[in-house]
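Subject: Structure handover

Hello,

Here is the structure I said I would pass on. My notes on it follow below.

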Amino acid sequence: MDDGSFVVHRHLMTTPSSTDSVCKQCRGPIPAGARLCSHCNSYQDWRGKLAVSSNVLALLVALVSVTTAALPAFTKAIAEPQSKSQVLRPVVRGQQLDFAINNTGDGPAVFSRAYISASFMSKAPVKLELENPMQAFVRPGIQPLTLKPAWRRDAIDAARLANEMRRIQANPKSGDVGFIEIEIIETDSSMRHLRFPISAQEIGEIADAKFAACRDIEPSKNRDCSSSQGYGTDY
């Protein structure tokens, strides 16, 4: 009988009264309207639906932080490299033209070709060649380059050309313009064509430098000072 009384007493302790409610987590009796269970400390409102421990929450926060930090690197890894080339204006210095390519992208560009075209030059444009052909592959960053005219002239031819450019410069005509034209191939195979003005005086300065370099050299000893193609056929 004592055992029966004990059972009845235990039942009365665990059965909620009409004024009590039941915990949503442990199912124990709690006062009606209670927001926190006195047995398992679980919230009874919307916060009780977030059934994650502080450790799990900390792991989730850490995972989000690591993922956010790694996202730019991951995006860069799966994206194709792209070149973005900008050419700084060439400057005439003696027989050569110094310029630079600023590749602001993350992929390589390729120097394609360059030449001088001018309305006051009656023949074909003057081809410009890289002093160092190995520099045609333009990596990201600023890369200085040097161009040289690919014409074959001896000292007399160079002097004639320089004098002709001086006459043009002294008597400018409407529409007499010259350009240094440079072509760059980007990683997406697009061609970037850039034009920079060049005057007859600047072309004359290049011819003057050619004259000075070839004046005391026999053409047979230096093919760059040879005029085997004849004056006027390569400009």
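Helix 4 covers residues 200-214 of this predicted model. The helix has 15 residues, and the distance from its first C-alpha to its last is 21 Å. That is close to the 21 Å expected at 1.5 Å a residue.

The buried residues of helix 4 are Ala 200, Glu 202, Ile 203, Gly 204, Ile 206, Ala 207, Ala 209, Lys 210 and Cys 214. The buried residues of helix 4 pack against helix 3 (155-170) and against several strands, namely strand 3 (85-93), strand 4 (96-103), strand 5 (109-118), strand 8 (141-149) and strand 10 (191-197).

Strand 5 is the next element to look at. Seven of its 10 residues are buried, so strand 5 is largely enclosed by the rest of the structure.

Which strands does strand 5 pair with, and over how many bridges?

- Strand 7 (residues 137-138) runs antiparallel to strand 5 and is joined to it by two bridges. Here Val 110 stands opposite Phe 137.
- Strand 9 (residues 178-185) pairs with strand 5 over eight bridges, also in the antiparallel sense. In this pair Arg 113 stands opposite Glu 183.
- Strand 6 (residues 126-130) is antiparallel to strand 5 too, with three bridges between them. Ile 116 is placed opposite Val 126.

Not counting residues up to four places away in sequence, Glu 183 touches Val 110, Phe 111, Ser 112, Arg 113, Tyr 115, Met 191, Arg 192 and His 193.

The last item is the nonpolar core. The largest one has 34 residues, and Phe 111, Leu 147 and Ile 182 are those with the most contacts inside it. Strand 5 gives the most to this core, with five residues.

Regards

Notes. Residues are numbered from 1 along each chain as its sequence is written. This is a predicted model: local features need pLDDT of at least 70, side-chain atom pairs count only at pLDDT 80 or more; totals for chains, interfaces and linings use all residues. Side-chain values use heavy atoms; hydrogens and water are left out. Helices (H or I, at least four residues) and strands (E, at least two) are DSSP runs, numbered from the N terminus. The expected span of a helix is 1.5 Å times one less than its number of residues. Buried means under 20% relative accessible area, exposed over 50%, partly exposed in between (1.4 Å probe, protein chains only). Contact means heavy atoms within 4.5 Å. Two strands pair if DSSP finds at least two bridges between them. A nonpolar core is a set of buried Ala, Val, Leu, Ile, Met, Phe, Trp, Tyr and Cys residues joined through side-chain atoms within 4.5 Å.
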